[in-house]
Number of protein chains: 2
Amino acid sequence: MLSEAVRGGLREIVGAPHFQDSLEDRISYSYDATLYEALPGAVVYPGSVEEIAAILRLANEERFAVTPRGAGTGLSGGSVPLRGGVVMVLTRLNRLIEISTDDLYAVVEPGLITADFAAAVAKRNLLYPPDPASQAVSTMGGNVAENAGGLRGLKYGVTKHYVLALEVVTPEGEVLHTGATTVKCVTGYDLTQLMVGSEGTLGVATKIWCRLVPMPEHKESMLAVFADMDDAARSVAAIIRSGVIPATLEFLDHVTINAIEDFKKIGLPRQAEAILLVETDGRKSAARAEAETVVAILRENHAQSVRTAANEDERIELWQARRSALSSLARVRPTTILEDATVPRSRVPDMVRGVREIAARNRLTIGNFGHAGDGNLHPTVLTDARNKEEFARAEKATEEIFALALSLGGTLSGEHGIGVAKAPYLKNEVGEVGLKVMRAIKRALDPNNILNPGKMNLEEKG
Amino acid sequence: MLSEAVRGGLREIVGAPHFQDSLEDRISYSYDATLYEALPGAVVYPGSVEEIAAILRLANEERFAVTPRGAGTGLSGGSVPLRGGVVMVLTRLNRLIEISTDDLYAVVEPGLITADFAAAVAKRNLLYPPDPASQAVSTMGGNVAENAGGLRGLKYGVTKHYVLALEVVTPEGEVLHTGATTVKCVTGYDLTQLMVGSEGTLGVATKIWCRLVPMPEHKESMLAVFADMDDAARSVAAIIRSGVIPATLEFLDHVTINAIEDFKKIGLPRQAEAILLVETDGRKSAARAEAETVVAILRENHAQSVRTAANEDERIELWQARRSALSSLARVRPTTILEDATVPRSRVPDMVRGVREIAARNRLTIGNFGHAGDGNLHPTVLTDARNKEEFARAEKATEEIFALALSLGGTLSGEHGIGVAKAPYLKNEVGEVGLKVMRAIKRALDPNNILNPGKMNLEEKG
């Protein structure tokens, strides 16, 4: 619980309308998009960088935890206030401050919604490529904190590749400026990239300088159906080897295809073992030439059918399958555990096969879909948290999926982060030395363990 | 001086043939490509990660400095052993371990020469884009330590954008693995990017996982001559606004053009105020369409002449001007101070004008050339270090160039690093809080200040 003095201090900093400590409000900020929950002592909505700095200075004096948060769409428990204290909601800082069409960058505040930002720059014929599935709701600050990914990773990279510079409030309440608006900048340690993906444990981004690219002139979309997973996998490898890097290269497995047909009935063939959705973009002539190469490769590798979109309406139709994947899978059973283990592209078939074996061995339904192009799949365990015996099997399967990804030279998390969900497994990937170095950095920057404590296994000695 | 015990310990670790402490050998490793010098107590050439770890553990026990080094082509004094101790030369670790054509990455050791690596992947039709001017001599480890840039920054980014993962020996002699071979990886703090550009102060990279991209199918090169600097600047802005991102967009000023004509006589017009060299690449149809757009823009903006290369021979001819720039400038006077202050692209004309004023005010010749596309210019002060009065003016002009870049929203160093040369100015860019955070990280990872001490202003309290 927070003392009366602390609550008074917070109320004074942000103003009474922006301070809440009723049970109802605290419950509203006790969870994110995972199953994890923890009750904060209060919720504050700061309106400026000065208020954020003052909150953190007070937190260091009075030793309470501060968990920064955007829209709470995180998928690893990153914004759950595990050690109580204060949830600091950044949605009031939501301005789009500047778009530079000459220097190809924009300056935004952390509370700006990702899709709103992308739409605003699109009007200037510019592209902000990171497109996490939650972009209609998620905030730029949350995307930076978690280094959000999306569908364009293969060609365009992820959030971190579009963050040039930051204004950050440090855990001790000082204002730090990192990076530069130039692509080239080698002045000291890269604190920008240290902050991106640090899950709110090293600082609170209050301004974000984002790199933009010219909007591709043209897109070509293709959907291919395969009776054999290996043919789909061979197609992916052949596309990359041909020198084509598609903007998106998405995959749906048999379970996912059938879930979509159960709930959306969009006419996908239920017998199919795999669907690939490919999009090329760029200059019109280049996107078209690349699409022709892709279609030829899909056919050579025994695609049962290849549909191409002749116009934007048809493109939206093709994409409906991919867009319906998670929402359809989520309706199969009461509880959905969405994972994001990532492997080198060439190991995707091994990953898909391995996940199938894990599902069979644990008597579970696991759908699998995601970003085949960058090896970032979403094995989705469909279960019921109320059934303890089954849920234990689901958790075991999840652990086995993590181990499988690592054994294939992959990573625990491609785009969701460590947070609470994967904290116990972090050491399996980064090793003892890696964890030791991360803990040393956390201690150096946040000696009182104020910012988002309890995450990423940064606390314990073991 | 190193004690007999330390020298014996080092000799034992690396083997007698790989330990040197004669004055001649120590002098050979007392400098890099700058004017800075400091004599090490010994030079070691470790042959394995285990030997490197053992050297660093000994250094922590016996408290001597270790300065890692590749080919010594650095332009900021980064590998000068400022606090004596041991220079650790990494050129024996020079293997190209793996090229994955399916997963688009390669694994190299730090001593591999950059151009050799680029040539090896080119044979597989893959591109490693970073191309620092020193690439024929510089090593991959040095490029990673300094986050080397090059001519392709605008479209392709710099070294850090191509480092996926590292094996690093920490300052205390432990072996750390960072990152993953996948583009998407959000497991804990981004230690990979913290290491890249840390100038050998946080760790010694012993294996580097590099991202590769498909080799562009085709290139188109154009050289345009301008009587007016502003027309050249307007062309650059118009090219970017048209949605074309050239692979290279290089600039030569009047002083540079005349130096090239003095020493190389390749037929550039001596009256010209600016030359732009532009290269588009990609699919043949796209590179050509983009080249047409570029040529039209250059003509609209009053280029006096625009030459295009019809074949590879003509392309090499066009590039001769750019390739001769630094070597020609360096012949004008005995001492060359090559800077790399970088500004947002739209401020390049202000930077060029400002550098001219600085040259006039300080009665100096300053050539200016470089990467107009990414705002990374190379103001090159031509002077004589033996003439104290003139050299003092040269140093004053250099300081003024740094201040100018910062006042235009730029950065002290786009691609050379801080090292010794810019250490006194770092705080002007990153601020007191930035320096404090960098020092805290250095202390956390290198409590005994073993690795490359004295660089980047990380030592002092002030």
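Predicted model: local features only at pLDDT ≥ 70, side-chain atom pairs only at ≥ 80, totals over all residues.
**Ground rules.** I kept in mind that local features need pLDDT of at least 70 and side-chain atom pairs pLDDT 80 or more, while totals for chains, interfaces and linings use all residues. Residues count from 1 along each chain as written, chains are lettered from A in the order written, and side-chain values use heavy atoms, without hydrogens or water.

**Helix pair in chain B.** I looked up helix 12 (residues 348-361) of chain B and helix 13 (residues 388-407) of chain B, whose axes come within 10 Å and cross at roughly 155°. That makes helix 12 of chain B roughly antiparallel to helix 13 of chain B (angles over 145 degrees count as such). I then checked which residues meet (contact means heavy atoms within 4.5 Å). From helix 12 of chain B they include Met351(B), Val355(B) and Ile358(B), and from helix 13 of chain B they include Ala397(B), Ile401(B) and Leu404(B). By class, I noted 7 nonpolar, 1 polar and 2 charged residues in this contact.

**Where the chains meet.** I next turned to the contact between the chains, which takes 80 residues from chain A and 80 residues from chain B. The area buried between them is about 6,400 Å², with 62% from carbon and sulfur atoms (accessible area, 1.4 Å probe, lost when two parts are put together, summed over both). On the chain A side, I found that Lys184(A), Val186(A) and Tyr189(A) lose the most area to chain B, together 16% of what that side buries.

**Salt bridges.** I wrote down 12 salt bridges across the interface of chain A and chain B (a side-chain nitrogen of Lys or Arg within 4 Å of a carboxyl oxygen of Asp or Glu). Asp190(A) and Lys160(B) form a salt bridge through their side chains, at 2.9 Å, N to O.

Technical notes:
Axes fitted to C-alpha atoms, helices over the stretch in contact; angles between N-to-C directions. Helix = DSSP H or I, 4+ residues; strand = E, 2+ residues; numbered from the N terminus. Parallel < 35°, antiparallel > 145°, perpendicular 65-115°, else oblique. Nonpolar A, V, L, I, M, F, W, Y, C, P; charged D, E, K, R; others polar.
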